[in-house]
Amino acid sequence: MSQKVMITRVATVLLMGMALSGCSTVKGWFAGKDAAAKKAQEPAELVKFEPTLKVNKAWSVNLGKGERRIGVRQGPAVANGHVFAAALTGGVHAIDLQTGKKVWTWEPKKEKKKAKLRLSGGPGVGENLVVIGTLDGQVIALDINDGSEKWRARVPGEVIAAPAIAQGAVYVRSNDGRITAFDAGNGTQKWFNPSELPALTVRGNAPVVTGPGVLFIGKDEGAVAALAQQDGRTLWEQNVGNGEGRTELERMADVDGAPVLDGNTLFVSSFKNQTMAIEGPTGRPLWARDHGGAGGVAVSSGNVFVTDNKGGVFGLDKASGAAMWSQTALARRSLTGPALHGDYVVVGDYKGYVHWLQTSDGAMAARAKSGGDALLAQPVVVDGVLLVQNVDGKLTAFRLAN
């Protein structure tokens, strides 16, 4: 059959269809289906409910120009009763945890003919230092007491995860997968551990998590590894989400949320919607379940809480990984990783809403808004105060009402 005849026959069928449908058009037929399909992919609308918990906004602070679409998941760190936070531009700030008052601010000096530094990934805190990375690979260490600059160093790529500090060293993950250790006192390089990256990865990096003499690293190819703090050699590596599929997109399996070390057990979740409990010293898997995502985990005395890429929130049994409950009312709302706030699991969403769910059954307990911009970073809870930072550079603190 010639191409001309084929086109004619298709056109005839379409014209017959339009005649039979009266005022309707073929476009209208498909538009209805397209509209239904589009609506099914839209974020779930928030449904009103009777709160069982009262939440108070304690304070909020503008840190500077936020990350917006860069996707570095900037979030705060807390130590010694102070919150340490940074925006893309605007410097690093020390803020009183209870009152929200700024204690000190460090801003990079402007240099002629040089672009302004863009701070990224959020600060790391420890060893009397606050350490921040930049999008051009600089690592800057500040005195925790007054914000004075102590030293600078460089890594080969962007730093979009908060540095870790322990045992006299600063551990920095750069966006090329490399882990670099610097002397905490003077910033000299001690060692580095390289890593090959898959062709396509989720924007974001899991921060380095420290254990007794060990570093735990979530990797872009879907594995978690343990490195020796002393020299960076790999002690073990365990796949969490296997990168299987026909396309690079289907094979994405990043471990981008911070692993949680609870006793001797490491809990970690991957973009492949899998969560695993691993024996920390050996890397031996204890259990694995097909619930989870790239946002990280929260761990209580008896449960593990995760969010998945579709906006589901799950409560898993800590000992076995069995699903205890699921909450799907926040579907497709681009949820953050979860945090624990008292007896509640908390997640943020793409519109700046913060949601408190009961840890016992996942029922909605409270909702508050931190602003109109998206929350990407996992919330942080210290001393009963919950902290969320949005992509506009606004940091907000919440407390549970007595």
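Q: What are the helices and strands in this one, DSSP runs of how many residues?
A: They're DSSP runs numbered from the N terminus: a helix takes at least four residues (H or I) and a strand at least two (E). Keep in mind that this is a predicted model.

Q: OK, so where is Ser370 found?
A: Ser370 sits in the loop between strand E29 (364–369) and strand E30 (380–382).

Q: Is Ser370 buried or exposed?
A: Buried. Its relative accessible area is 2%, and the cut-off for buried is under 20%.

Q: And which residues is Ser370 in contact with, leaving aside its neighbours within four places in sequence?
A: Gly352, Val354, Leu375, Val388, Asn390, Lys394, Thr396 and Phe398.

Q: Zooming out, how many helices and strands does the protein have?
A: Two helices and 32 strands.

Q: What percentage of the residues in the protein is buried?
A: Buried residues make up 50% of the 402. As for the surface, the protein exposes about 18900 Å², and carbon and sulfur atoms supply 51% of that.

Q: What share of the contacts comes from residues 24 or more positions apart?
A: That's 47%, counting contacts with a separation of 6 or more.

Q: Switching to aromatics: how many aromatic pairs are there?
A: The count comes to seven. One of them is Tyr171 with Trp191: the ring centres are 6.0 Å apart and the planes sit at 40 degrees, so that pair is tilted.

Q: Which strands do Tyr171 and Trp191 lie in?
A: Tyr171 is in strand E11 (residues 169–173) and Trp191 in strand E13 (residues 189–193), so the pair ties together parts that are 20 residues apart in sequence. Tyr171 counts as buried at 2% relative accessibility, and Trp191 is buried too, at 7%.

Q: What about the rings of Phe267 and Trp287, how far apart are their centres?
A: 6.2 Å, with the planes at 50 degrees, so this pair is tilted. Phe267 lies in strand E19 (residues 265–270) and Trp287 in strand E21 (residues 285–289), so here the pair ties together parts 20 residues apart in sequence. Both Phe267 and Trp287 are buried.

Q: New topic: what lines the second largest pocket?
A: Pro108, Lys109, Lys110, Glu111, Lys114, Ala115, Lys116, Leu117, Asp136, Gln138, Arg152 and Arg154. By class, that lining divides into three nonpolar, one polar and eight charged residues. The volume of this second largest pocket is about 170 Å³.

Q: How many cavities of 30 Å³ or more are there?
A: One. The largest cavity holds about 30 Å³ of space.

Q: Which residues line the largest cavity?
A: Leu88, Thr89, Gly90, Gly91, Glu107, Pro108, Lys116, Leu117 and Leu119. That lining has four nonpolar, three polar and two charged residues.

Q: Last one, Ala94: which strand does it lie in?
A: Ala94 is part of strand E4 (residues 92–96). With a relative accessible area of 0%, Ala94 is buried.

Q: Which residues is Ala94 in contact with, leaving aside its neighbours within four places in sequence?
A: Val83, Phe84, Lys101, Lys102, Val103 and Trp104.

Q: And how far apart are Ala94 and Gly81 in space?
A: 9.9 Å, C-alpha to C-alpha, and the two are 13 residues apart in sequence.

Methods. Residues are numbered from 1 along each chain as its sequence is written. This is a predicted model: local features need pLDDT of at least 70, side-chain atom pairs count only at pLDDT 80 or more; totals for chains, interfaces and linings use all residues. Side-chain values use heavy atoms; hydrogens and water are left out. Buried means under 20% relative accessible area, exposed over 50%, partly exposed in between (1.4 Å probe, protein chains only). Contact means heavy atoms within 4.5 Å. Accessible areas come from the Shrake-Rupley method with a 1.4 Å probe; for residues, only the protein chains shown count as cover. On a 1 Å grid over the protein atoms alone, a cavity is a set of points where a 1.4 Å probe fits but cannot get out, and a pocket is an open set with protein on both sides within 12 Å along at least five of seven lines; lining residues have an atom within 4 Å of a point. Grid points are joined across faces, edges and corners, and a volume is the space filled by probe spheres set on the points. Ala, Val, Leu, Ile, Met, Phe, Trp, Tyr, Cys and Pro count as nonpolar, Asp, Glu, Lys and Arg as charged, and the others, Gly among them, as polar. Rings of Phe, Tyr and Trp (its six-membered ring) pair if their centres lie within 6.5 Å; planes under 30 degrees apart count as stacked, over 60 as edge-to-face and the rest as tilted.
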